[in-house]
Amino acid sequence: MAKNQAVTDRVGTTRAAFAATIGNMLEFYDFITYSFFATEIGHAFFPTQSEYGSLMLSLATFGAGFVTRPIGGIILGIYSDRIGRRPAMLLSFAMMGTAIILISLTPSYASIGIAAPIIVIIARLIQGFALGGEVGPTTAYLMEIAPPERRGLVVAWQPTSQQIAATAGALVGVILSKVMAPDALEAYGWRIAFLLGAVCLPFGF
């Protein structure tokens, strides 16, 4: 009986750790994918008289996500301590999902003018806030559910998921750039990469 209970507990821990890792991985995928398509995003939302200026504005918007990461870490970290790890992770994931959908579906500057870059900047700020609030609760959650003898291995999946996410984002970028014409990639191909992350949101939940 005790052996069966131990097996059940181990399976439950593995499932919980896998779910938390998948959620963390998808959040980092959404956050990092922007960097691989900074040029195309710059053309869509930050058109200027020079390619350099467009790219710099796009990269500045990418950097905006790092401004709100520590804020999200503090606020959602406190929230997770008071309310619970799971609610904090779900809130973070919902915010990231909202932001990724905003970026992928926002019309270009040519269609709606200055509203386009404003929406994208807000979405990036939300992404940074959400990601900052994901790392701490996820790490604490993995540490708390893991048995002492497996704690190092279970917690190690948090940084591992970040590297998996970066690799996945890079692979998506390479595949899209190989199978799509440059004009198509710039027009809507980069949105496909973001929408792939959005499609995976239900699995994260």
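This is a predicted model: local features need pLDDT of at least 70, side-chain atom pairs count only at pLDDT 80 or more; totals for chains, interfaces and linings use all residues.
Reader: How many helices and strands does the protein have?

Author: Both are DSSP runs numbered from the N terminus: helices are H or I with at least four residues, strands are E with at least two. Here you get nine helices and zero strands. The C-alpha trace spans about 70 × 35 × 25 Å along its principal axes.

Reader: At what angle do H2 and H8 pack?

Author: Axes are lines fitted to C-alpha atoms, for helices over the stretch in contact, and angles run from 0 to 180 degrees between N-to-C directions. Helix H2 (residues 38–45) meets helix H8 (residues 182–199) at about 120°, with the axes 9 Å apart. Under 35 degrees counts as roughly parallel, over 145 as roughly antiparallel, 65 to 115 as roughly perpendicular, and the rest as oblique. H2 and H8 are therefore oblique to each other.

Reader: Which residues make that contact?

Author: Contact means heavy atoms within 4.5 Å. H2 brings Glu-40, Ile-41, His-43, Ala-44 and Phe-45, while H8 brings Leu-185, Glu-186, Trp-190, Arg-191 and Phe-194. For classes, Ala, Val, Leu, Ile, Met, Phe, Trp, Tyr, Cys and Pro count as nonpolar, Asp, Glu, Lys and Arg as charged, and the others, Gly among them, as polar. That puts six nonpolar, one polar and three charged residues in the contact of H2 with H8.

Reader: And is H2 mostly covered or mostly exposed?

Author: Buried means under 20% relative accessible area, exposed over 50%, and partly exposed in between, using a 1.4 Å probe and protein chains only. H2 is mostly covered, with six of its eight residues buried: Ala-38, Glu-40, Ile-41, Gly-42, Ala-44 and Phe-45. Across the 205 residues of the protein, 46% count as buried.

Reader: Which residues have the most contacts inside the largest nonpolar core?

Author: A nonpolar core is a set of buried Ala, Val, Leu, Ile, Met, Phe, Trp, Tyr and Cys residues joined through side-chain atoms within 4.5 Å. The largest one has 35 residues, and Tyr-34, Phe-37, Ile-41, Phe-45, Leu-176, Trp-190 and Phe-194 have the most contacts inside it. H1, H2, H4, H6, H7 and H8 each give two or more residues to this core, and H1 gives the most, with eight.

Reader: What does Trp-190 touch beyond its neighbours within four places in sequence?

Author: Its partners are Phe-37, Glu-40, Ile-41, Ala-44, Phe-45, Ile-103 and Leu-185.

Reader: How do H4 and H6 pack?

Author: Their axes are 8 Å apart, at an angle of about 155°. That makes H4 roughly antiparallel to H6. By class, their contact has 17 nonpolar, four polar and five charged residues.

Reader: Where does Leu-26 lie?

Author: Leu-26 sits in helix H1 and is buried, with a relative accessible area of 7%. Leu-26 and Ala-165 are 139 residues apart in sequence, yet 6.7 Å apart in space, C-alpha to C-alpha. Among contacts between residues at least 6 apart in sequence, 76% join residues at least 24 apart.

Methods. Residues are numbered from 1 along each chain as its sequence is written. Side-chain values use heavy atoms; hydrogens and water are left out.
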